[in-house]
Amino acid sequence: MSASSLILGRSIVKRFEDRTVLDHVDISVAPGEIVTLIGPNGAGKTVLLRILLGLLKPDGGTVARKAGLVAGYMPQKFAIDDNLPLRVSRFVGLAGRVTRAEIEAALVEVDVAGRIDDPVQGLSGGEFQRVLLARALLRKPQLLVLDEPAQGVDVIGQDALYDLVGAVRDRHGCGVLIVSHDLHLVMARADRVLCLNGHVCCSGRPEAIGRDPAFAELFGARAGESLALYRHRHDHVHDPHDGHVHHHHHHGHDHAGHDHG
């Protein structure tokens, strides 16, 4: 395993009954790197996350994790019983043995400290996602794994949420793996993008991937153009890396199927 990777998946295969959901997928996340996994519904994104986190066994391939890796996971769906009175402090504290001061510090970091004693059910979508993030941060993760973190959040809230994730990465130096189907916001914040549709269609720097024919095939030619404009508006940082894209040619793959992603 590369010394620089927090987590490394090689040639991961997953089948459900007679359908191959993941077909020889390679993925890695290094410390301080934001890797975004995009792709349509049913592309296997959530399945891949669960395999990387050890929650699901692959049918083929290997997953290597850095020794003693601490991961903070924000799952995609989190249902809380409306009849269960649960304060934010208690909900965040379920992450483990933590003091109120630690809970407060985590909520300050994600900008919802004022809601510490409020019931979770009263939070807006954006506030709830921030509380979930605070809960993940209390584990002091080396790897933060976020599955569709912006769902249920309006566009302005999404923008702020991704800014927050970037700030967390800058402050803690953790690796971040984000799953999303929201191209613009996510790709504006990513260091590296993997486009998944059962297999890895294309991967590379965000500014290069929008020009990739496989990307256009999956999301439409216009997506790449609007993406380039969006990146240009957001990109105030000098990029030391090159902008090349890795192609993954894969023939005869069935792109149809049910939603396991």
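1. Strand β1 (residues 7-16) is joined to strand β4 (residues 60-65) by 5 bridges, and the two run antiparallel. Ile-7 has Arg-65 as its bridge partner in β4. Strands count as paired if DSSP finds at least two bridges between them. Strands here are DSSP runs (E, at least two residues), as helices are (H or I, at least four), numbered from the N terminus.

2. A note on the source. This is a predicted model, in which local features need pLDDT of at least 70 and side-chain atom pairs count only at pLDDT 80 or more, while totals for chains, interfaces and linings use all residues. Residues are numbered from 1 along each chain as its sequence is written, and side-chain values use heavy atoms, with hydrogens and water left out.

3. β1 also runs antiparallel to strand β2 (residues 19-29), with 7 bridges joining them. Arg-15 stands opposite Thr-20 of β2. The pair forms a hairpin with 2 residues between the strands. Check Glu-17 in that turn: its phi is positive, about 50°.

4. Strand β3 (residues 34-38) has 5 of its 5 residues buried, so the rest of the structure largely encloses it. Buried means under 20% relative accessible area (exposed is over 50%, partly exposed in between; 1.4 Å probe, protein chains only). Ile-34, Thr-36 and Ile-38 point one way from β3. Val-35 and Leu-37 point the other way.

5. β3 has parallel partners. With strand β7 (residues 175-180) it pairs over 5 bridges. With strand β8 (residues 192-197) it pairs over 4 bridges. Ile-38 stands opposite Ser-180 in β7 and opposite Cys-195 in β8.

6. Now the helices. The axes of α4 (residues 125-137) and α5 (residues 155-172) come within 11 Å and cross at roughly 15°. That makes α4 roughly parallel to α5. Axes are lines fitted to C-alpha atoms, for helices over the stretch in contact, with angles from 0 to 180 degrees between N-to-C directions. Roughly parallel means under 35 degrees (over 145 is roughly antiparallel, 65 to 115 roughly perpendicular, the rest oblique). The crossing is right-handed, meaning that the near helix is turned clockwise from the far one by less than a right angle.

7. Which residues of α4 meet α5? They are Gln-129, Arg-130, Leu-133 and Leu-137. Contact means heavy atoms within 4.5 Å. By class, the contact has 7 nonpolar, 1 polar and 1 charged residues. Nonpolar covers Ala, Val, Leu, Ile, Met, Phe, Trp, Tyr, Cys and Pro; charged covers Asp, Glu, Lys and Arg; the others, Gly among them, are polar.
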